[in-house]
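User: I'd like to learn how to read a sheet and a metal site in a model like this one. Could you walk me through it?

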Amino acid sequence: MYILGVSCFYHDAAATLIKDGLLVAAAEEERFSRQKHDYGFPAKAIDFCLRQEGVDGSELDYVVFYEKPLLKFERILMTTLATFPRSWKTFSEGMIAWFDEKLWIKGVLAKYLGVAQEKVLFVEHHLSHAASAFFASPYDEAAILTVDGVGEWTTATMGRASADWGGNGHNRIELFKEIRFPHSLGLLYSAFTAFLGFRVNNGEYKVMGMAPYGEPNRMDDVYRLIEVSEDGGFRLKLDYFSFHYSPSRTFNRQFENLFGEPRVHDSTFFTPTTHPNKDHPAWDEDVARGNQHYANIAASIQRVTEDTLLKMARHAHERTGLKKLCMAGGVALNSVANGRILRETPFEEIWIQPAAGDSGGALGAALYAYHVLLGNPRRFVQEHSYWGQGYEADEIKAALDRAGAHYERIDDEEKLANSMVDDLLTRKVIALFQGRFEWGPRALGNRSILADPRLAEMKNIVNTKIKFREPFRPFAPVVLEEHAESYYAGLIDARSLYPTRYMLMVFSVQKDKQDQIPAVTHEGGSGRLQTIRRDWNPRYYDVVNRFYEQTGVPVLLNTSFNLRGEPIVNSPDNALSTFSRSGIDTLYIGNYVVRKG
Ligand SMILES: [Fe+2]
């Protein structure tokens, strides 16, 4: 039985295909369209999923959309009436989009795929998020926490889920508590993202990256905007916001009265903490002081978000009495908060969908339909994230020849690992392109840039010369799973921990190791690590392991293979174009090696 899951028309569009309950393909549209966070109809991602399995639309048993358009329409309509006439612009713009696409999604999908309209099903947005985590986890039973900007009406849920692996089909997800728009932790974080000069739905990571450079000394002011109860319920003070009636602004004048002028979009960021020696080329005392103020605000909103999520998680534990937790929704990408939930709540195991944002809803909707609506038993556990498109050797060679690249071919895996490590040890930055691209926003060794984490200057080199992005942005380490505990504090039994496979949790670097890996140790001494086991990705494991044999350090710097503002590369053509426009020294693509100069 084939089920296609689709998400689009709000945040990241994506498609996934499951066959008899097993995932066979999953991809975000942006990788094909090359538009970052592309939210349009995911025709290319759908085509890829069908091609991967060699089927066409007529062979699909069901097509499942990740939310209920009419419920969302109701929310937009009701919100507009409540805030009319301020909201008229949002409403009229929203309406045009709705009548163009959204209300007719059933017809659009049926027509595109050539399936009957009755085969198109709909699953509520937060149920899709919940299913994307629970039905991809190995658990029989778990508490559920979903938190995002907004689905139809819902912005966060708590619940419990249970699964049947035997054949009785008693699978269920019960969301027993929900918080509704406009009260939204995701939209609160987004308002601060905009205030701090970053793009909403894109710059949330930058706020998290900026936070360690500040002191959380404005938490009292943040708590003027949000009232949080002990059971994790919360309400926003709407007087400070405009997202519920404005299409372009998330916060208003009253917010500015509290926190001051917004930071100029994408302006240079340096503070006395980032540059204790004042050696930034544009160093200016006033600007540095101003930036410190913004960093303090970033630290404050980050801490309030973490504390609220902790309360929600504790309440979910109290209500369910369960030891396992599944999480999804865009806010579940807050890896600092996730680490604290593991360490500071009674939950012993946590499973987070790597595509925690709306793209993951495509997978959740398909799995929900298979297991709950159709009552089929569990079969699938998501053990890795390599579900995107891969390319054969002849396709790679053709792209290299088209680009007129000089290359050599290395078929021996050991030689390949040695060559990569030789490059890394001579301070080179390399790109590793192999296999199928990753599902979700992180590159995990198949579309990655790698560098020596022992060199402090690598952080600056990769940020400014390779990716052309803000110099304060942290880099993440990939570490051999068997050495993870000796490098990261509080990481007990790394083998059983799923979120670290997907770079979804931050841990403190062990004190005696911080000086050893400065390029991947963030301000405050933490790292958002990825653990790697040879079974999941032999070539990736081998390069880290070979580096370990040579240096005694089982860690590399890993960052996504893309330039600032561009999606992660998909094809060999994307890889070659990105390679030529960046300061990457060597490209390892399939079994081919391309060197600069
Ligand atoms: Fe969502």
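Analyst: Gladly! Two strands pair if DSSP finds at least two bridges between them; helices (H or I, at least four residues) and strands (E, at least two) are DSSP runs numbered from the N terminus. This is a predicted model, where local features need pLDDT of at least 70, side-chain atom pairs count only at pLDDT 80 or more, and totals for chains, interfaces and linings use all residues. Residues are numbered from 1 along each chain as its sequence is written, and side-chain values use heavy atoms, with hydrogens and water left out.

User: In which sense do strands E22 and E23 pair?

Analyst: Strand E22 (residues 586-589) and strand E23 (residues 592-595) are antiparallel, joined over 4 bridges. Leu-587 stands opposite Val-594 in E23. Both strands belong to an open sheet of 8 strands with mixed pairing, in the order E13-E23-E22-E14-E15-E21-E16-E20. Its edge strands are E13 (407-409) and E20 (530-532), each pairing on one side only.

User: Which protein donors hold the iron ion?

Analyst: Donors are N, O and S atoms within 2.8 Å of the metal (3.2 Å for Na, K and Ca); water is not among the atoms, so sites may look incomplete. Here they are His-125 (NE2), His-129 (NE2), Asp-148 (OD) and Asp-358 (OD), 2.1 to 2.3 Å from the iron ion. In sequence, the spacing of these residues is H-x3-H-x18-D-x209-D. His-125 in helix H6 (residues 125-134) and Asp-358, in the loop between strand E12 (349-352) and helix H13 (360-373), are 233 residues apart.

User: Are His-125 and Asp-358 buried or exposed?

Analyst: Buried means under 20% relative accessible area, exposed over 50%, and partly exposed in between (1.4 Å probe, protein chains only). His-125 is buried because its relative accessible area is 1%, and Asp-358, at 5%, is buried too.
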